[in-house]
Amino acid sequence: MADGEEKPLRKVAEAFEELQTIVNSQPQELGLALLCNACSLILPFFVGLGIALKFAEMDYVSKVEDLCEASKTIISVQSMIDQDIQHNTVKKCGSNSRNLLRVKRALDMMKVLFEQILATEGNSLKCSASTAYTQVFAAHHGFAIRKAATAGMLLLPTKSRFLTMLNEDGTFLINFP
């Protein structure tokens, strides 16, 4: 693999490390556009999981696009949340705050997925993805969606195929935090 090839996992790590630095350096507020940029880097991970989690990919893309659109007029995450609180729309379907919550859950799922990839042996993603789904999404989904997600796990690519689609050779597993 050539050194110049894109490594999505490394790009995501760098983007979220930058966000962490900003969040930890009070009192600077986290820019909404910067968050949207980092979140958009996660998309190849959903695509790499294939049809199995297509519903999550579509929802994630929609929510990130909505937040990116909001970032054209709202500077920071805090001001976006404050605006939703002021308008009493925090819990309203399609509100920026609710979209942020949905994006956060998707990020949490990816985090757990990669933790599980590190913790499990073999070439199957089924157990890793099932654990990630159960820990993050299952409590928020009804019976029909949980069953569809369970059935979708049978369509996941292998771990090696997933890493190949992400242009990773597996060496990240040694140093992944």
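At 3% relative accessibility, F114 counts as buried. In this predicted model, F114 belongs to a ring cluster with F45 and F162. The largest nonpolar core has 49 residues, and helix α6 gives the most to this core, with ten residues. Six salt bridges are present, while the disulfide count is zero.

**Nonpolar core**

- L49, Y60, M109, M110 and F162 have the most contacts inside the largest nonpolar core, a set of 49 residues.
- Eight helices each supply at least two residues of this core: α1 (8-24), α2 (32-40), α3 (43-48), α4 (54-70), α5 (77-86), α6 (96-119), α7 (126-136) and α9 (159-165).
- The top contributor is α6, which gives ten residues.
- F162 has a relative accessible area of 0%, so this residue is buried.
- Leaving aside residues up to four places away in sequence, F162 touches F45, G48, L49, L113, F114, I117, L125 and P157.

**Aromatic pairs**

- There are four aromatic pairs in the structure.
- One of them joins F45 and F114: the ring centres are 5.3 Å apart and the planes stand at 65°, so the geometry is edge-to-face. Planes over 60 degrees apart fall in that class.
- F45 sits in helix α3 and F114 in helix α6, so this pair ties together parts that are 69 residues apart in sequence.
- Both F45 and F114 are buried.
- F114 also pairs with F162, in a tilted arrangement with 5.9 Å centre to centre and 35° between the planes.
- That pair, too, links distant parts of the chain: F114 is in helix α6, F162 is in helix α9, and 48 residues separate them.

**Salt bridges**

- The structure holds six salt bridges.
- D59 and R102 meet through their side chains at 3.3 Å, N to O.
- This bridge spans distant parts of the chain, with D59 in helix α4 and R102 in helix α6, 43 residues apart.
- D59 has 24% relative accessibility, so it counts as partly exposed.
- R102 is likewise partly exposed, at 29% relative accessibility.
- A network of salt bridges links D59, K63 and R102.
- K104 bridges to D108, with the closest N and O atoms 2.5 Å apart.
- Both K104 and D108 lie in helix α6, four residues apart, which is about one turn of the helix.
- K104 is partly exposed, with a relative accessible area of 45%.
- D108 is partly exposed as well, at 26% relative accessible area.
- K111 forms a salt bridge with E115, and here the closest N and O atoms are 2.7 Å apart.
- K111 and E115 also share helix α6, again four residues apart and about one turn of the helix.
- E115 has a relative accessible area of 31%, so this residue is partly exposed.

**Cysteines**

- No disulfides are found; the count comes to zero.
- The closest cysteine sulfur to that of C36 belongs to C68, 3.7 Å away, which is too far for a bond. A disulfide needs the two sulfur atoms within 2.5 Å.
- C68 is in no disulfide, its nearest cysteine sulfur being that of C36.
- C36 is buried, with a relative accessible area of 4%.
- C68 is partly exposed, with a relative accessible area of 26%.

**Record annotations**

- An unreviewed UniProt entry assigns "domain: Glycolipid transfer protein" to residues 35-168.
- Over residues 35-168 the chain is 68% helix and 0% strand. The end C-alpha atoms of that stretch are 24 Å apart.
- UniProt, in an unreviewed entry, also places a "transmembrane region" at residues 30-53.
- Residues 30-53 are 62% helix and 0% strand in the model. Their end C-alpha atoms lie 29 Å apart.

Definitions and conventions. Residues are numbered from 1 along each chain as its sequence is written. This is a predicted model: local features need pLDDT of at least 70, side-chain atom pairs count only at pLDDT 80 or more; totals for chains, interfaces and linings use all residues. Side-chain values use heavy atoms; hydrogens and water are left out. UniProt positions are given in the numbering used here, feature names are shortened, and annotations may be inferred rather than shown by experiment. A nonpolar core is a set of buried Ala, Val, Leu, Ile, Met, Phe, Trp, Tyr and Cys residues joined through side-chain atoms within 4.5 Å. Buried means under 20% relative accessible area, exposed over 50%, partly exposed in between (1.4 Å probe, protein chains only). Contact means heavy atoms within 4.5 Å. Rings of Phe, Tyr and Trp (its six-membered ring) pair if their centres lie within 6.5 Å; planes under 30 degrees apart count as stacked, over 60 as edge-to-face and the rest as tilted. A salt bridge is a side-chain nitrogen of Lys or Arg within 4 Å of a carboxyl oxygen of Asp or Glu.
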